Amino acid sequence: MTDAAAQSILLVSVIKVVVLLFLVLTAVAYLVWFERKVAAHLQGRWGPYRVGPHGLLQPLADGAKFLLKEDATPAGVDRFLYFGAPLLTMTLAISAIAMIPFGPASIHIFGVATPLVVANINVGLLAIFAITSVGVYGVALAGWSSNSKYSLLGGLRSSAQMISYELSLTLSVVGILLLAGTFNLSDLIRSQDGFSWGFLPKWNLLNPTFPQILGFFCYFVAAIAETNRAPFDLAEAESELVAGYHTEYSSFKFAMFFLGEYASMITVACLASILFLGGWLSPFPQTPGLDWTRYLPAGVLAAAGVALILDGVRHPPFGRIVLPLLGAVLFALSFLCSRPGVIDDIQGPFWFLAKILLVLFVYVWVRWTLPRFRYDQLMRFGWKFLFPVALLNVVLTSLAVVMRK
Amino acid sequence: MTGQLAIFLILAAIAVAGAVNVILQRHPIHSAISLITVMIALAGLFLLLESEFIAAVQIIVYAGAIMVLFVFVIMLLNAGVEERTNMSRMARYAGVPLAIFFLIELAYQVGAATSSMTPQPAAEGVTRGLSMLLFQDFVFPFELTSILILIAILGALVLAQRSEGVSAKGGQEKIT
Amino acid sequence: MPISYYLALSAVLFGLGVIGFIFKRNIITIFMSIELMLNAVNLAFIAFGRALGQLQGQVFVFFVVVVAAAEAAVGLAIVIVIARNRHSLNVERINLLKL
């Protein structure tokens, strides 16, 4: 290819990377807010409410707190690894999102048509798993380099748990690979297009050949264990090993671990919705009777705008101005989106976002509902129950695929 | 200088620097980290050679599982830095220069002998072709490797068990 | 992009692995030099496979990776037993069979 074409593609890729980085960091910060709000409402209280209307400025306050706290480095740490481990965790967690496709259409930046994904690799799924595999080192090295017994034990336990559940995670996805025949994430979504019996979407969860319900269960449980979240968070919970592998970390380095954990949560939720829930495909068939469902994104935006305006007037002065303004902006956006050209472009990302939010909600719901596993129960569950179930899923799926031929 | 050559040089430099670091570092954990860097650079080189599946397998299995095993063992054995002893005079004055000369000579000869080979495109998709080969022509070695892994698991379990009568020696001693 | 560059790099990495194997005294580091040699050979396999346009090179790399995994597992178990019994990871201390 010519030099000029290569350079423009490089420029477009850099722009996509910068935009994605910005979006991911904002999403991670507001995911923390989302979790605190959901947790609070599950427990019958309000959660962050005072820092900005509905606590929406809480992530800013948290960020400021992390940056301004004292950065204490304990004595006797291995400097290179102590500073490198949180950096490694955060970098890997954020890079995994580069492979996720957000929509089917191509957008045009500076005249170059480019798909809505930063890196459309042919083995995209394997690349995400590869990044997750190397992420184990962040935890193990953080625990070891902190020169503290709680950190070492927590780090070893966390990394052993992560490599055990990584096996079930990768196996639970093999069923989907058998059904779709490709590693490419965009092609995986396209293979779930269509509706069986006219109304049921052909998502992999409800696949006509063999519904991947077992696979979804395995994947979801293994994903929770892989990202060290409750009920599998023995190695880092506050009432257990002090704080596990990030005991000796303070201020910004702890914030990097925190960011890394929530970013990997987002990655796992994105993968779950791509692999099992159909990615950016709409759940409604486009028959003449259901044509109004095309305008759902605009409808949701309008409803959100109206809700914000009506709610905003009840708040103290800062909220009384900002919220209705935000509501008016959303309402105007909904009119912009309902124009024919834009509504088709918005469909894909809207449904994808809706599915990710659903998966994240279940994630947070599970965390604040179920009690914690003990470590030996955790390992026994991973090796003696989840791994055979994933294998069973592979066997049954391959039988179904062969019998269908 | 084409883009491919530039990327090759960067990855090769990272690989060689990592390999030299494996030898030069005194603490085994730093050698392990350098080796992981070498493996990731090699995975990048595999990608350059259009073997994307093997690149992913290299990172997932080699860098993500085998090296984790190494790191765990180093942590569990509490391995410390190597003692600093001076190399014998023979090793220092004759060994190291000869080693470096051997290295350069080997690289030159290998490069010169194969200078006429050029990359050729593969006939079909990489993953598909690889799986066809693995499950049709090479199915017997494939099944044998599964038995090999089973034997290795059992062997490692039996070897690393603590026998009943031995009292565990605790303490802060570093094993060097 | 001539293949001989990849093969020269593979030779350099292999040589560095040999140097590490001979000069280092910690068992685990020696083991890691062996893994470095195996990786260099993997690169050579893939390079030759690409030069001949065949996929057998990649199949062999697959098997090399699997065998290296099995060998690392058993080898590290042996290292753990040695460390427990001799209380040292220095190969020069593991010399009970020396005359």
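The model is predicted: local features need pLDDT of at least 70, side-chain atom pairs count only at pLDDT 80 or more, and totals for chains, interfaces and linings use all residues. Residues are numbered from 1 along each chain as its sequence is written, while chains are lettered from A and ligands numbered from 1 in the order in which they are written.

**First stop: the helix crossing**

Helices here are DSSP runs of H or I with at least four residues, numbered from the N terminus. The crossing of α5(B) and α3(C) is right-handed, that is, the near helix is turned clockwise from the far one by less than a right angle.

Now display the side chains. Leu130(B), Leu133(B) and Leu134(B) of α5(B) meet Gln56(C), Gln58(C), Val59(C) and Phe62(C) of α3(C); contact requires C-beta atoms, placed from the backbone, within 7 Å. This contact has 5 nonpolar, 2 polar and no charged residues. Ala, Val, Leu, Ile, Met, Phe, Trp, Tyr, Cys and Pro count as nonpolar, Asp, Glu, Lys and Arg as charged, and the others, Gly among them, as polar.

**Second stop: chains B and C**

Of the 2 pairs of chains in contact, B and C share the most contacts, with 61 residues of chain C touching 68 residues of chain B. On the chain C side, α3(C) gives the most, with 22 residues. That side has 44 nonpolar, 13 polar and 4 charged residues.

Select chains A and B next. Their contact takes 15 residues from chain A and 12 residues from chain B. From chain A, α4(A) gives the most, with 9 residues. Chains A and C have no contact, and their closest C-alpha atoms lie 15 Å apart.

**Last stop: the core**

Finally, select Ala272(A) and Met67(B), the residues with the most contacts inside the largest nonpolar core, which has 178 residues. Such a core is a set of buried Ala, Val, Leu, Ile, Met, Phe, Trp, Tyr and Cys residues joined through C-beta atoms within 7 Å; buried means that 20 or more other C-beta atoms lie within 10 Å of a residue's own. Helix α3 of chain B (residues 52–76) contributes the largest share of this core, 17 residues.

Notes
Helix = DSSP H or I, 4+ residues; strand = E, 2+ residues; numbered from the N terminus. Buried ≥ 20, exposed ≤ 12 C-beta atoms within 10 Å, placed from the backbone.
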